[in-house]
Amino acid sequence: MCISKYLIAKLKCYMKTRRDFIKISALGAGTLALGAGISRYTFGSTVLDDLLAMTGGGKEKLHRYPTYCEVCFWKCAGWAHVTEDGNIKKITGNYDDPQCNGKLCPRGTGGVGMYNDPDRLKTPLLRVIKDGKQTYREASWDEALDFVATKMSDMKAKYGPESMALFMHGSPANYLTHLMKAYGTGNMAAPSFAQCRGARDVGFEATFGESVSSPEVTDIRDTRCLVLIGSHIGENMHNGQVQEMSQAIDNGAVIITVDPRLSTAASKSKYWLPIKPSTDIALLLAWIHVLIYDDLYNKEYVAANAEGLEELKAHVVSFTPEWAYGITTLKPDLIRSTAREMANAAPSTIIHPGRHTAWYGDDVQRTRAIAILNALLGSWGNRGGIFFKEGIKIPEFPHPEYPKPAWTWKDLLNGNYPLANEAPTNLVIEASSPAGGQEAKIKGWVVAGTNLVSTVPLKEQFKKALQSLDLLIVVDTMPMEITGYADVVLPECTYLERYDDIRTTAHREPTLGLRMPAVDPKNQTKPAWWIAKQLGERLGLAAFFNYKEYTEVLDWQLKQVGSSLAEMQRIGVKKIARKTSPYIEPGTPHIFKTASGKIQLFSHELAAAGFDPMPLFTKHPEPEEGFYRLIYGRAPMHTFSRTANNPNLVALMPENSVWVNPQVAGIWGFKKDQYVWLKNQDGEISKFPVKVRLTERIRWDSVYIVHGFGHHHKPLHLAYGRGANDTEMITNVMIDPIMGGTGMRGNFITFIKDDPRKETES
Amino acid sequence: MRYAMAIDTRKCVGCSDCVVACQTENNVPIGFCRDWVSETVDGTYPNVSIELRSERCNHCDNSPCVRCCPTGASHFEDGGIVLVTHNKCIGCGACIESCPYEARYSHPDGYVDKCTFCIHRVRKGEKPACVSVCPTSCMYFGDLEDPNSEIVNVLKNRKFKALAPEAGTKPQIFYLV
């Protein structure tokens with residue numbers, strides 16, 4: 001077939017456009033050192049020697065520096081242990097940190113690989129044309145920063161500061177957000193909203209008036225019944241939650257897991273509900289039905305705290321377990337007995353809100369159903385349910401008032417997605433290319449700490465935007481795919497080499513956490529605070545960066561809350577005594593943060609915005625014969641696509657595999673560990689083959705892969721070409737009309753056994 | 001004194017933190033490991049179950065590796081810990097062949113290496129790196145001859161098994177089931 005030909009043709013045509021994808025290693029002679037360093041990097045003995053030399057002999061005296069982890073968003077506090085000759089030997093958890101209790105997860109323990117990775121970005125890079133070809137050349141910081149500042153000043157004059165957008169993840173976001181606000185734009189977008197937790201947050205806000213935040217305020221430690229619906233704790237290594245689930249197991253809590261796949265959590269559950277994918281809302285409605293009609297809900301709690309019960313009761317009257325059976329394939333008895341287990345344990349029951357909830361485009365409604373279940377059981381505000389967080393607010397370091405942008409991302413909504421309270425990245429990307437005869441509203445991007453290519457599943461819009469942008473700056477530690485599209489690459493040092501903002505956690509108790517450099521930055525890399533300050537000064541915004549070193553900011557801030565930099569350097573984590581109760585106090589009416597002060601079983605907000613005030617089940621398309629629903633998820637030793645080149649973590653899991661039920665494999669004649677290519681419903685073929693994993697842990701109508709593999713950027717020497725990239729296979733995106741989230745579970749794949757590209761080339 | 005480990009398969013999520021912690025603690029070269037995670041799957045969908053296990057040298061009482069070592073490099077230390085003295089090891093690999101648990105590997109520096117129960121930490125009163133890092137706290141390490149130890153307590157109160165008991169090596173890693 002000529003699908004691959006078509007792709008090749010598309011690729012060729014793409015090469016002629018104004019922003020070619022440049023492989024960062026494909027540089028001129030000036031970068032020989034970089035190239036040579038990398039090509040040596042295999043699992044051969046040279047690297048082992050290097051790494052052994054790096055880690056020292058084992059008998060060294062170690063000095064420890066406080067840090068908090070940046071490998072994922074949980075931000076566990078720990079200690080980086082450094083040898084006398086200045087190498088990081090290991091990273092361990094801080095026992096005073098309630099987020100990790102002294103135990104880091106594999107990624108945190110393996111964080112040292114992020115520092116040692118030979119493929120790291122090393123110097124600023126500028127896109128130049130050499131012999132008629134676009135390429136990068138190394139630049140000094142002064143040159144790169146001057147270039148960016150001149151460009152940004154020009155753009156401000158020409159299009160207004162609002163034409164710049166920031167895409168962000170993690171700590172660098174703080175400083176760059178500050179810079180962008182000072183510059184005059186309000187267009188900051190994090191994939192964590194529309195591609196991940198946004199639907200959940202909006203669903204819970206619409207019900208309880210607030211979200212479950214991060215780390216989630218789920219009282220798993222003290223729960224008696226934990227219900228996981230598409231949340232795979234243990235494979236998502238959200239450290240505190242994993243630790244608490246283990247405590248819950250020790251305490252004999254009942255775990256109920258709803259998952260089309262026997263997840264690790266499902267394997268530890270009293271009840272596993274192997275649901276047909278995309279039918280979760282039917283199950284949730286049936287559970288609500290049972291709680292109300294079998295008189296199992298928490299009447300006292302609901303009467304005191306919620307409104308809309310009568311409407312809800314009428315709404316779910318026909319959503320019986322028998323009705324749900326035909327949709328979910330779950331037996332009515334199982335639906336009833338699990339509802340009873342939840343009610344027996346209530347209010348110490350948690351229907352876990354989940355985190356990555358961008359599934360089918362009706363995700364706010366699904367998370368609303370989860371929130372309503374929690375409300376009916378009385379778990380919000382009760383021990384073993386969902387507790388009230390308390391945090392500590394650190395004052396901002398004094399700076400002039402930000403200019404008010406003439407418009408923000410909210411003006412891009414055009415009346416759509418009325419409950420979006422953060423910018424959906426997809427919307428900002430769409431606004432970055434001309435449409436309907438209108439010029440693009442966004443003309444420049446700063447992308448920091450997020451590999452948009454593997455994160456946002458809007459390939460066409462993304463490509464269009466790339467060809468229309470005037471400026472694209474990438475701040476990262478690694479040459480991720482997104483760096484290949486940049487005009488300027490600014491290499492950030494890793495979290496182990498820098499100060500960052502104080503971690504302020506709102507959870508069971510407020511805590512402060514310090515990150516300080518354990519070692520000097522490698523090569524020419526710099527902390528993001530320094531990059532933002534340098535750009536700010538060049539943009540005439542020096543008043544917003546009124547300090548020499550970031551330690552001045554940290555010390556000033558810490559002193560406002562009764563600590564100091566010196567104290568935090570010694571202890572790393574400081575716990576602060578809680579002032580409010582984590583639970584609803586008996587006899588005291590609780591005011592929820594909704595408009596009426598009550599839990600919204602019936603949402604007036606959604607009704608007013610023209611949406612179903614109570615969740616309804618919508619039937620979603622199913623795979624055609626020979627196709628299987630693509631489910632994706634996490635592995636405990638990797639974070640998104642950002643750890644796929646970390647030598648320590650690659651050693652644990654070098655590639656993903658596609659999980660296939662043995663019966664399905666029988667039909668296809670697959671052998672164990674055979675490599676196949678994936679093709680989706682739109683003819684998209686995976687760039688690389690992926691190993692088949694025959695396992696009874698997956699349904700016949702679905703396949704599963706771990707997210708974050710299949711990197712196609714050659715400078716990622718360990719990650720390149722390993723496994724399949726799920727984002728590449730997600731071409732059908734179902735946008736949630738309520739908040740703009742990108743539902744990604746409506747894609748179906750089939751298998752190709754022989755190299756599809758080889759075939760067409762011959 | 002008899003050191004042993006009990007690992008709770010009901011809590012282990014197979015995250016492999018034990019593996020990385022061991023690697024950084026003991027300078028195990030990347031690409032090799034002294035401990036690893038195994039998964040066994042039983043049944044057919046949807047009546048299926050899995051067991052996840054963190055595995056390592058079993059520090060057997062009746063150790064074929066110690067018996068077959070021609071130089072005495074493989075030996076017992078206090079508490080029954082089986083160790084390899086690197087500079088006495090000639091790298092012949094007899095012990096690797098004799099081990100029913102495939103717990104040993106040839107270190108690129110020419111000797112045979114394996115789990116030491118982190119004897120350097122244990123002697124200081126600390127737990128082995130894998131035990132101390134485990135986010136699920138599914139591992140218990142201690143002295144089987146101390147009736148008040150945590151490990152004796154869990155083994156008294158839980159069902160447990162050892163791997164490949166038929167090999168007759170008297171392994172000292174127990175899996176709580």
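Visitor: Which residue of S10(B) is the bridge partner of B:Ile7?

Guide: A word first: this is a predicted model, in which local features need pLDDT of at least 70 and side-chain atom pairs count only at pLDDT 80 or more, while totals for chains, interfaces and linings use all residues. Residues are numbered from 1 along each chain as its sequence is written, and chains are lettered from A and ligands numbered from 1 in the order in which they are written. Strand S1 (residues 3-8) and strand S10 (residues 173-176) of chain B pair in the parallel sense over four bridges; strands pair if DSSP finds at least two bridges between them, and helices (H or I, at least four residues) and strands (E, at least two) are DSSP runs, numbered from the N terminus. In S10(B), the partner of B:Ile7 is B:Tyr175.

Visitor: Which strands of chain B are the edge strands?

Guide: The open sheet has four strands with mixed pairing, in the order S8-S1-S10-S9 of chain B. An edge strand pairs on one side only, and that picks out S8 (139-143) and S9 (160-161) of chain B.

Visitor: What angle does the direction of helix H6 of chain B make with that of S8(B)?

Guide: Helix H6 (residues 150-157) packs on this sheet, touching S1, S8, S9 and S10 of chain B. Contact means C-beta atoms, placed from the backbone, within 7 Å. Axes are lines fitted to C-alpha atoms, for helices over the stretch in contact, and angles run from 0 to 180 degrees between N-to-C directions. For H6(B) and S8(B), the angle is about 115 degrees.

Visitor: Why is H8(A) called oblique to H16(A)?

Guide: Helix H8 (residues 191-208) and helix H16 (residues 363-377) of chain A pack at about 45 degrees, with their axes 8 Å apart. Angles under 35 degrees count as roughly parallel, over 145 as roughly antiparallel, 65 to 115 as roughly perpendicular and the rest as oblique. That angle therefore makes H8(A), relative to H16(A), oblique.

Visitor: How many residues does H1(B) give to the side of chain B that touches chain A?

Guide: The contact takes 32 residues from chain B and 39 residues from chain A. On the side of chain B, the elements giving two or more residues are helix H1 (17-26), strand S2 (36-44) and strand S3 (47-55). H1(B) has the largest share: seven residues.

Conventions: Contact = placed C-beta atoms within 7 Å.
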